[in-house]
Amino acid sequence: MGEYEEAITHHQQSLEIKEEIGDPSSIAISLHNIGEILIKLEKYPKAETNIKNALTIFDKIDFQTGKAHSLKALAEIAHKTNQPQLALSHCQSALTLSQELGIPLVKDCEELLAKIQDDLGE
């Protein structure tokens with residue numbers, strides 16, 4: 001609905017509760033969600049920090065679906081901040097993982113990969 005700032009506030013409140021409870025997967029999901037909203041607001045450095053923090057937790061707890069989504073988000077950030085090689089690397093990793101997991105994210109990764117490759121002239 002476009003209420004991004006309000007959404008961040010609610011996710012931040014949720015994150016604080018999840019941190020008190022100590023639920024790593026929920027913490028990572030909240031960090032990722034905040035990062036996704038920040039991407040929409042074009043606040044890429046903050047988005048990247050949140051997504052990387054989420055990815056670290058997803059790696060630690062071996063939550064592969066979360067890892068795939070975070071890699072795709074990092075690819076999107078790199079693409080939007082004119083880092084095509086980094087975008088390509090993250091996107092290929094996200095695509096491979098999504099294919100292995102058989103999750104619907106495959107389509108989004110393929111679409112982003114096509115944009116990145118187009119920008120690179122491949």
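**Reading a helical model**

Modeller: We begin with I29, which lies in helix α2 (residues 24-40); helices are DSSP runs of H or I with at least four residues, numbered from the N terminus. This is a predicted model, in which local features need pLDDT of at least 70, side-chain atom pairs count only at pLDDT 80 or more, and totals for chains, interfaces and linings use all residues. Residues are numbered from 1 along each chain as its sequence is written, and side-chain values use heavy atoms, with hydrogens and water left out.

Biologist: Is I29 buried, partly exposed or exposed?

Modeller: Buried means under 20% relative accessible area, exposed means over 50%, and partly exposed is in between (1.4 Å probe, protein chains only). I29 has a relative accessible area of 35%, so I29 is partly exposed.

Biologist: Which residues form a nonpolar patch on the surface?

Modeller: A patch is made of residues with over 30% relative accessible area and no salt bridge; nonpolar side chains (Val, Leu, Ile, Met, Phe, Trp, Tyr) are joined within 5 Å, and like charges within 9 Å. Here I29, I61 and F63 form such a patch, with about 210 Å² of accessible area together; the areas come from the Shrake-Rupley method with a 1.4 Å probe, and for residues only the protein chains shown count as cover.

Biologist: How many salt bridges does a search of the whole structure find?

Modeller: A salt bridge is a side-chain nitrogen of Lys or Arg within 4 Å of a carboxyl oxygen of Asp or Glu. The search finds 5. One of them joins K72 to E76, with the closest N and O atoms 3.4 Å apart.

Biologist: Why are K72 and E76 separated by about one helical turn?

Modeller: An α-helix has 3.6 residues a turn, so residues three or four places apart point the same way. K72 and E76 are 4 residues apart in helix α4, and therefore about one helical turn separates them. Both K72 and E76 are buried.

Note on methods
Helix = DSSP H or I, 4+ residues; strand = E, 2+ residues; numbered from the N terminus.
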